[in-house]
Every structure is written in structure tokens, then in C-alpha cells.
Amino acid sequence: MDQQINSDHELIDIDKLAIGMCLSRPVHNEFGLKLLDAGIFIDSELQIEKLRQGGVRKVFVTRETYKPVGSTSEQKKLEKEFLEEVEDPDKIISELKQELVVARRIYESAQSVIDDVLHNVRMGKNIDSVEVRNAASQLIESVIHNPHALMSMVNLKRTDEYTFNHSVNVTAISLSIASHLSMTTEQLDTIGVGALMHDVGKAKIDVNIINKPGKLTDEEFEIMQRHPVYGYEICKRENFRNDQVLDIVRHHHEAYNGTGYPDRLSRRDITKYAALVSIADFYDALTTERSYKKSLKPAETINFLHKMSNNKFDRRLVFHFIKVMGIYPIGSVLKLNSGRIGIVVGFSHKNLLHPILKILVNEDGTFNRAYETILLHESEDFITDLNPNFRFKGNLEDIL
């Protein structure tokens, strides 16, 4: 750095931040994601705009510490880096559309496999472990090609076939986080199989308890809490002897603060695999509407998960989850200040607050049959409602 940073710092409005000022503390958005580090000198108006787009209203700067504005070439380099952060929207949409066709086939095939697994457990028959592993492998392949394709199916729920839809959804989410963390193929296989089998123990629970249209009694909840142990015993008996797979099945309801079940594990006693699947399990449960409860919208659930991080969940894994899912996940339906309603079809991982939308409803309430594309980072529109009174009932590939 050109000069010693003064230890004194002050909190200023973003509108007062100027080129040459030095940030004295890291800047995070409301979800805890770091936008800029401490010690960074503001060299361009684009840096300031980046903070505004991230929802930042105030920053800490070092008092009376300025750095001379860089050369034109330096500013152009910064501008180029900023523009590169917003990936080509046409490319994002095209890649999603391509993978959706394959992902839908893989998703439905995995649902069928889990349906067979649960049926066989109920009937006292053996589980085809090879079929489960093949289903996990296909889901892994789809996630590697384009995780957003499977995520769109997770978020656009249209049925109440909760048990086996849920298992596939949890697997898709878990694998997307694991892939984001650059886990090996072997690790992905383990997580894929463990997540697909995580709720197999529910096949041993009375279906009247599983589908009860109302709050469970204390006795019924105690019975429900046995399903991880039942699942663990089933997998151990049915040739799923990988200790990490068994750990996922047994411990996906453990909580970071020690209030989970069945073994009351906490913090470092919970493996990363089980902690990762527990986040996916919680997200899908909250975003699924059932006969006895309303669902939360994906963006609402993301916010709720963030608030619970470091309490029920591992805070670091929640942040990785948000980076994968986006603050406004694919398939989220949002209302803009103009009155228009759109569905999220993409986002840049470096610009999570400004997703790409396809407009479904115009300002006057009529349907937008052209499905106009809106890039929020370029638009005067901004998001005002995470839960508009509108349900998208089609397939996402039909509007891309």
C-alpha cells in the first residue's frame, strides 16, 4: 500500500464513499457474504456501485487516508473485472435449457427408484442397492453439467408426493453443495447414496402419522423421531455398509446446538456429510406445501436458514448453500416495484442480489406471453415481494 493505514476509522453512508478512500473493515451483504476486504482502496466508481448492488448502506473507512487515483489502464482493468462478474445471461439461459431435458429424465428416474425402495421396505423385500447407486451417479452427472437444472425442479413443486420427491430433492441440493465444495467423485457418490436413502426409515413409520393433517402429539413425534435409527438399521442390513452413508442416514436430524436427534450430537461431533444433508433436508421440507402446512417461498427459506446458521446449522455450510442456491433460487417467483412478476431463470454467483428473470405478468396484470428477459443489475426495477400471489404451473424449459 502507498501509505500507512490510520487505525482510526469511521462509519459513513455509501453515498459518501469516494475514490481514494480505504476500507477499514470487510464489507458484507445482509446474508454475510463478503463483497470487499479490509485494506482495499476504492479505485473506481464501479467498486462503489458493486457495494450498492450488494445492498450495502454504510461502510467503515480509515479517516483521512487517501490513495492517489490509479491510471486509466488500472481503472479499465477494474471495470473489465466488474463486468466479467455478470456472466452472459444468454449463455446462462441456453445452458440451463439444454440440461433441463436430461435433468428431468434423471430426476423422474430417481423418483421411481426411491418409490421402489420404500415399497420394498414396507413389504419386507430386499432393496436393489445397485439401482440406488446408479440413480445417485446420474444425479451427480447432471449436477456437474449444470446444477441449476435440478434445482429448478426442487423449487417448482407441483405435487404432494412428498416422501420420494423429498429424497430426490435433498440429494440434488446436497450434491450441488458438495460439488461447489470441490469434493471428489468418491465423496459425491457417498453423499448421493446417503441423501437418497436418508429417509428410508420412514417406511417403518405408520403412514397415518407420516401424513397426519395437523400437529403430531408428543407420542407421535417421538415415534417419528425413530426414523433415522430405523433407516440406519435398514441400510446396515441391506448392503449399504459405507460408514459415511450410514452416518448420513442416522444423523441428518442432528443440530449444531445439540438439540437434534437421535443422538444429540453437536458441532464437531456432526460430520460435514450429515450437516450438509441436514441443510438440504430442512430447505426442502420448508419449501414443500403439504395438506397440513403452507410452504415458504425459496427466497424466504434462504433468509430463514441464514438466521438459523450457527444455531441449528453449521454457519460455513449455510454460506456455501446460499452461494449454490442463490439468494433468489432458480424457479423463485418474485414481484418487482413496477408491479411485474417474474421467475428467476439464472444468476451470477458473484452478483447474487440481481438475478435474471423471465417476466410472467405485466404491470397491468396481464400475462406476458413473450416471457421478456430482465437483467436486474441493468434494470430500474427492484424486488419488492418474495411471496406474490401467483403460482407458476408450467415447465421452466417452455419459457426459456
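Modeller: Helices (H or I, at least four residues) and strands (E, at least two) are DSSP runs, numbered from the N terminus. This is a predicted model, in which local features need pLDDT of at least 70 and side-chain atom pairs count only at pLDDT 80 or more, while totals for chains, interfaces and linings use all residues. Residues are numbered from 1 along each chain as its sequence is written, and side-chain values use heavy atoms, with hydrogens and water left out.

The secondary structure of the protein amounts to 14 helices and 10 strands. Of its 400 residues, 52% are buried, where buried means under 20% relative accessible area, exposed over 50%, and partly exposed in between (1.4 Å probe, protein chains only). The protein exposes about 19500 Å², and carbon and sulfur atoms supply 46% of that area; accessible areas come from the Shrake-Rupley method with a 1.4 Å probe, and for residues only the protein chains shown count as cover.

Side chains of opposite charge can pair when their charged atoms come close. The term used here is salt bridge: a side-chain nitrogen of Lys or Arg within 4 Å of a carboxyl oxygen of Asp or Glu. A search of the whole structure finds 9 of them.

A network of salt bridges links Arg340 and Asp381 with Glu363 and Glu372.

A further salt bridge is formed by Arg250 and Asp263, whose closest N and O atoms are 2.7 Å apart. Arg250 belongs to helix 11 (residues 243-251) and Asp263 to the loop between helix 11 and helix 12 (272-286), so the pair ties together parts that are 13 residues apart in sequence. Asp263 is partly exposed, at a relative accessible area of 31%. Lys202 and Asp199 also meet through their side chains in a salt bridge, at 3.3 Å from N to O, and both residues are buried.

Asp115, Asp116, Asp128 and Glu131 form a negative surface patch. Patches are made of residues with over 30% relative accessible area and no salt bridge; like charges are joined within 9 Å, and nonpolar side chains (Val, Leu, Ile, Met, Phe, Trp, Tyr) within 5 Å. Lys and Arg count as positive and Asp and Glu as negative, while His and the chain ends are not counted. The place of a charge is taken as NZ of Lys, CZ of Arg, CG of Asp or CD of Glu.

Leaving aside residues up to four places away in sequence, Ala135 touches Ala110, Val113 and Leu196, a contact being heavy atoms within 4.5 Å.
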